[in-house]
Amino acid sequence: MKRYWMSLKSIAWVFIALLLLYASCTSEKRDDRPNILWIITEDMSCHFGYNGEEAVKTPNVDQLAADGMVFTNAYVTGPVCSPSRSALITGMYQTTIGAHNHRSSSTPESAIHLPGHIKLIPHLFREAGYYVSNCKGIEWSKAGKTDYNFVFDTTNIYDGTDWSGRKEGQPFFAQVQLWGGKLTEKQIGFEADTSKMKLPPYYPGNPVIVDDWKRYLGSVMQTDYQVGKVMERLEDESLLENTLVFFISDHGISHIRDKQYLYDGGTKIPFIIRAPGRIEKGRREELIAHIDMAATSLYFAGIEMPGYMEGRSLYGPQANEREYVISARDRCDETEDRIRSVRKGDFKYIRNFHPQRPYLQPNAYKDNKAIMKRMRALHVEGKLNEDQALIMRDTRPGEELYDLSRDPFELHNLADDETCNETLLEMRSILEEWIDETGDQGQYAEEWDHYTSNIEEANAAMLKRNTNPNSLRKEKERNRNAALMKQWREEGK
């Protein structure tokens with residue numbers, strides 16, 4: 001009998017050991033799945049200390065860069081919020097999925113639905129067992145910006161506003177949306193060093209322009225502070241070493257020839273990945289698109305990337321460097337346009353599909369900015385030099401070509417330079433093939449009923465927020481601009 005109980009006891013201990021081993025194995029498997037965190041700031045170019053900007057102090061983003069991989073040639077597929085974010089959350093060009101017109105899914109009459117086979121990145125993570133969240137800055141209880149140009153179910157895309165609601169041991173896919181360049185002067189607690197501040201040569205050193213640039217650099221420093229708070233929370237919760245952190249902007253600085261345009265000021269963005277123990281530190285100079293963040297995140301989470309996705313993973317066996325990157329600008333609010341760019345090697349090619357229209361078409365959003373008003377006034381007064389007056393022209397060339405190695409501010413158009421003819425033909429061919437292969441939906445004119453529906457909804461939303469005289473003036477201005485767009489359409493302009 002004693003031997004019998006000894007045998008049972010041994011079996012029990014073996015059983016317990018197996019349970020502990022199983023729990024250990026499953027725990028290790030669960031813990032090996034990294035958390036994925038996207039920190040996305042708004043309206044911000046690459047003006048950080050790690051990138052050589054001397055007028056700011058950005059210790060937190062600089063540390064992120066030092067601890068991770070910096071991609072020095074990262075471009076957004078669209079230089080304005082909603083097309084860029086629509087692309088990012090699907091891993092697709094906004095022009096492929098019909099989300100290319102800024103704020104174009106606001107009413108039932110004009111609603112855009114994604115093709116049935118396309119899933120949002122948060123849905124892919126949820127299906128894989130991740131807790132998915134999206135928050136507004138470091139206000140952890142507030143929902144973050146979406147701004148997608150298509151219909152989506154707001155009740156099942158995100159589990160919460162931050163990762164605190166996840167189950168014990170459950171990995172998370174989280175987004176933190178920072179206001180970035182949209183911060184007001186009152187929200188900015190930092191001041192740039194004006195003695196080291198340098199304006200791009202296409203902007204005059206007028207006090208209004210200088211003060212705006214100073215405020216923007218202050219917002220860069222405020223953004224850095226917020227990034228520090230996010231990283232501090234990860235460290236406090238012992239999550240830092242098992243969380244892959246991505247830091248990007250949704251597009252470039254909101255200035256006269258930057259946001260909404262395909263020059264580097266509007267399309268080139270900061271792009272950093274911090275992934276301890278998973279990737280090397282340093283800098284990579286190959287061309288990448290911001291939608292590659294989606295594909296890369298799926299790779300590190302062990303989630304199979306859908307075959308339709310146009311983003312490319314930057315790591316793993318399927319990593320495939322881009323030969324070129326393409327960006328696209330279409331309607332922004334009430335202002336119709338169609339511009340495409342190709343960046344390959346040192347060259348940037350830009351195609352203007354409405355060359356008979358001015359660079360600065362009427363736009364209530366931009367025209368009400370103090371910098372725009374001052375720029376137009378200086379132009380009328382003849383106080384802009386040749387480089388500064390370039391953006392003020394009444395017409396545009398059909399094609400633009402720039403050698404960024406010699407002309408980083410894209411001021412000297414080489415499209416008519418015979419020595420660059422071979423490059424021009426190559427770039428033109430790349431764009432035409434891309435339009436055909438991706439089914440670029442910007443090649444089809446937006447239905448006028450769809451256009452007017454969105455403008456009416458935008459006006460209604462603005463007036464709902466505030467019915468002050470400025471809002472009423474903007475409504476009239478937007479309607480006046482819309483009438484001009486219709487006139488130009490009818491004229492084939």
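The points below concern a predicted model.

1. Overall dimensions. The radius of gyration is 25 Å, which agrees with the value near 23 Å that a compact globule of 493 residues would have. Along the principal axes, the C-alpha atoms fill a box of roughly 105 × 55 × 50 Å.

2. Secondary structure and contacts. The chain has 14 helices and 13 strands. Among contacts with a separation of 6 or more, 75% join residues 24 or more positions apart.

3. Burial and surface. Of the 493 residues, 54% count as buried. The chain exposes about 22,500 Å², and carbon and sulfur atoms supply 50% of that area.

4. Charges. The chain carries 63 positive and 74 negative charges.

5. Aromatic pairs, and Phe48 with Phe247. The structure holds 21 aromatic pairs. In one of them, the ring centres of Phe48 and Phe247 are 5.6 Å apart and the planes stand at 90°, so the pair is edge-to-face, given that angles over 60 degrees are classed that way. Phe48 sits in the loop between strand E1 (35-41) and helix H2 (59-67), while Phe247 belongs to strand E6 (residues 243-249), so the pair ties together parts that are 199 residues apart in sequence. Are these two residues buried or exposed? Phe48 is buried, at 0% relative accessible area, and Phe247 is likewise buried, at 0%.

6. Trp140 with Trp163. These residues also form an edge-to-face pair, with 5.5 Å from centre to centre and 65° between the planes. Trp140 lies in strand E4 (residues 139-143) and Trp163 in the loop between E4 and strand E5 (172-178). The two are 23 residues apart, and the pair links distant parts of the chain. Which side of the burial cut-off does each fall on? Trp140 has 22% relative accessibility; buried means under 20%, so Trp140 counts as partly exposed. Trp163, by contrast, is buried, with a relative accessible area of 0%.

7. An aromatic cluster. Which residues make up the cluster? Tyr202, Tyr203, Trp213, Tyr216 and Phe409 form one aromatic cluster.

Note on methods. Residues are numbered from 1 along each chain as its sequence is written. This is a predicted model: local features need pLDDT of at least 70, side-chain atom pairs count only at pLDDT 80 or more; totals for chains, interfaces and linings use all residues. Side-chain values use heavy atoms; hydrogens and water are left out. Helices (H or I, at least four residues) and strands (E, at least two) are DSSP runs, numbered from the N terminus. The radius of gyration is taken over C-alpha atoms; the globule rule is 2.2 Å times the number of residues to the power 0.38. Buried means under 20% relative accessible area, exposed over 50%, partly exposed in between (1.4 Å probe, protein chains only). Contact means heavy atoms within 4.5 Å. Accessible areas come from the Shrake-Rupley method with a 1.4 Å probe; for residues, only the protein chains shown count as cover. Lys and Arg count as positive and Asp and Glu as negative; His and the chain ends are not counted. The place of a charge is taken as NZ of Lys, CZ of Arg, CG of Asp or CD of Glu. Rings of Phe, Tyr and Trp (its six-membered ring) pair if their centres lie within 6.5 Å; planes under 30 degrees apart count as stacked, over 60 as edge-to-face and the rest as tilted.
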